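This report covers selected features of one model. Please have the sequence and the structure open while reading.

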Amino acid sequence: MNFEIAYSDPKTNARAGVITTAHGVIETPIFMPVGTVGSVKGVHQRELRDDIDAKIILGNTYHLYLRPGMDILRQAGGLHKFINWDRSILTDSGGFQVFSLAENRKITDKGVTFRSHIDGSKHIFTPESVVDTERIIGSDFMMALDECTPYPCTYEYAAKSLEITHKWLARGVKHYKETEPLYGYDQAYLPIVQGSVYKDLRIKSAEFIASQEMQANAIGGLSVGEPAEKMYEMIEVVNGILPKDKPRYLMGVGTPANIIEGVARGIDMFDCVMPTRNGRNGMLFTSEGTMNMKNEKWKNDFSELDPNGTSFVDHYYSKAYLRHLTVANERLAAQIASIHNLAFYLALVKEIRRRILDGTFADWKDGAAKKMMERI
RNA sequence: GGGAAGUUCGUAUAGUGGUCAAUUACGGGAGACUGUAAAUCUCUUGCUUCGGCUUCGGUGGUUCGAAUCCAUCACUUCCCA
């Protein structure tokens, strides 16, 4: 993996860069659609590539490990081949599941034991086993095993959790260095800053993460329910410490406004289920604001879905038609909304990049973010 | 022609003397969703100037009190001719 900063915005901490992986070139800032189990829900690969123009998508180690399982992925020759996606892939480690499946797991120094949400069977993830699993998956970016702390979270818990995450990281880095990619191309290993909403813990964590000298770094444990301002504050603290010449990935974020604010604070990579999940639930993000397609007001609005949209669904379908499909609970509604939202997110980061490069980002961002988050 | 059952808030239903403006589902309206156990979840759904008001096919009655009991009318469904 290689990262070059093309331009740094003098007015904010935003940067426009270029990441190169074995699976292509990624201009940053970038948004990465989430494809947990080897599928961006409701969107097939050709749409992802040709209509949405995603450069990189996510997979999830925990979910892929349970299903289809590593045996199948090894036989397939890795996830890229299995799902027939020749662009980049980043895999989350299962750290988010340590958080979201809290009732079914137990954390120890060694690692974390899970009960499968599918059949209740018991499994253990260690920092080492996760590296091995991600080697089999063959992701371009492998996330380290961490604990994504919940919110609210006491200082004591956050501090203790951070200690474990750091211990796990040191072992993961060691194992990463001792192992080789299985498919002949480079795989980056990303450490994750934790520390909940506590500034001193975030500083401590960012320093430790920076000291690992990995190719890129991530910030986790945010957008889990804390106020947005708290999140922005943590990003600023952490990005003041993480090396400037390496990509910074803010995990699980977020709304269009969150992304704009994140970029302004020096984030290069984002992922979030919001465009797909909210899309499936009838919500559209547009440059003019958000739309709830279930709302009665779209009933006889036969105008095109999003006049400013960049994907074909925006001009091919009407608001009234999508409202009908959504209310009728037709699967096509989820597909159209997911394609629209992902295309919007990718167009958003593209516009952010363009504005960083032409110097209009700082003046544009507040008004644009505000508008995008209004309900229309 | 004879016999039986039924009529409840958009629809289908629950409710068989006071705890009933009335159950549940669907339908309708709105909201939520942030490294996906989510095509999910939540709220709301007679009117209201929030004091109340008017509702359970119509009318009349019994009763302190009726969606619930009685009479009658109307309508609906089923069975036998």
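The sections below take up a sheet, a helix and the surroundings of an RNA strand in this predicted model.

## The three-stranded sheet

Three strands form an open sheet in the order β1-β2-β3, and their pairing is antiparallel. The edge positions belong to β1 (2–8) and β3 (24–28); each has a single partner strand, so one side of each is left without a neighbour in the sheet. From one strand to the next, the twist averages 15°.

Between β2 (residues 15–21) and β3 there are 5 bridges in the antiparallel sense. Thr 20 has Val 25 of β3 as its bridge partner. Helix α14 packs on the sheet and touches β1, β2 and β3, with its direction at about 125° to that of β2.

## Helix α9

Helix α9 covers residues 228–239, 12 residues in total. From first C-alpha to last it reaches 16 Å, close to the 16 Å expected at 1.5 Å a residue.

Its buried residues are Met 231, Met 234, Ile 235, Val 237, Val 238 and Asn 239.

## Surroundings of RNA strand B

RNA strand B is surrounded by 49 residues, and the closest are Cys 148, Gly 252, Gly 254, Val 273 and Thr 276. By class, the residues of this surface comprise 21 polar, 16 nonpolar and 12 charged.

At least two residues of the surface near RNA strand B come from each of β5 (56–60), α5 (95–100), β15 (269–272), α11 (274–280) and α14 (331–358).

Conventions
Residues are numbered from 1 along each chain as its sequence is written. Chains are lettered from A and ligands numbered from 1 in the order in which they are written. This is a predicted model: local features need pLDDT of at least 70, side-chain atom pairs count only at pLDDT 80 or more; totals for chains, interfaces and linings use all residues. Helices (H or I, at least four residues) and strands (E, at least two) are DSSP runs, numbered from the N terminus. The expected span of a helix is 1.5 Å times one less than its number of residues. A residue is buried if 20 or more other C-beta atoms lie within 10 Å of its own, exposed if 12 or fewer, and partly exposed in between; C-beta atoms are placed from the backbone. A residue is near a molecule or strand if its C-beta atom, placed from the backbone, lies within 6 Å of it. Ala, Val, Leu, Ile, Met, Phe, Trp, Tyr, Cys and Pro count as nonpolar, Asp, Glu, Lys and Arg as charged, and the others, Gly among them, as polar. Two strands pair if DSSP finds at least two bridges between them. Axes are lines fitted to C-alpha atoms, for helices over the stretch in contact, and angles run from 0 to 180 degrees between N-to-C directions. Two residues are in contact if their C-beta atoms, placed from the backbone, lie within 7 Å.
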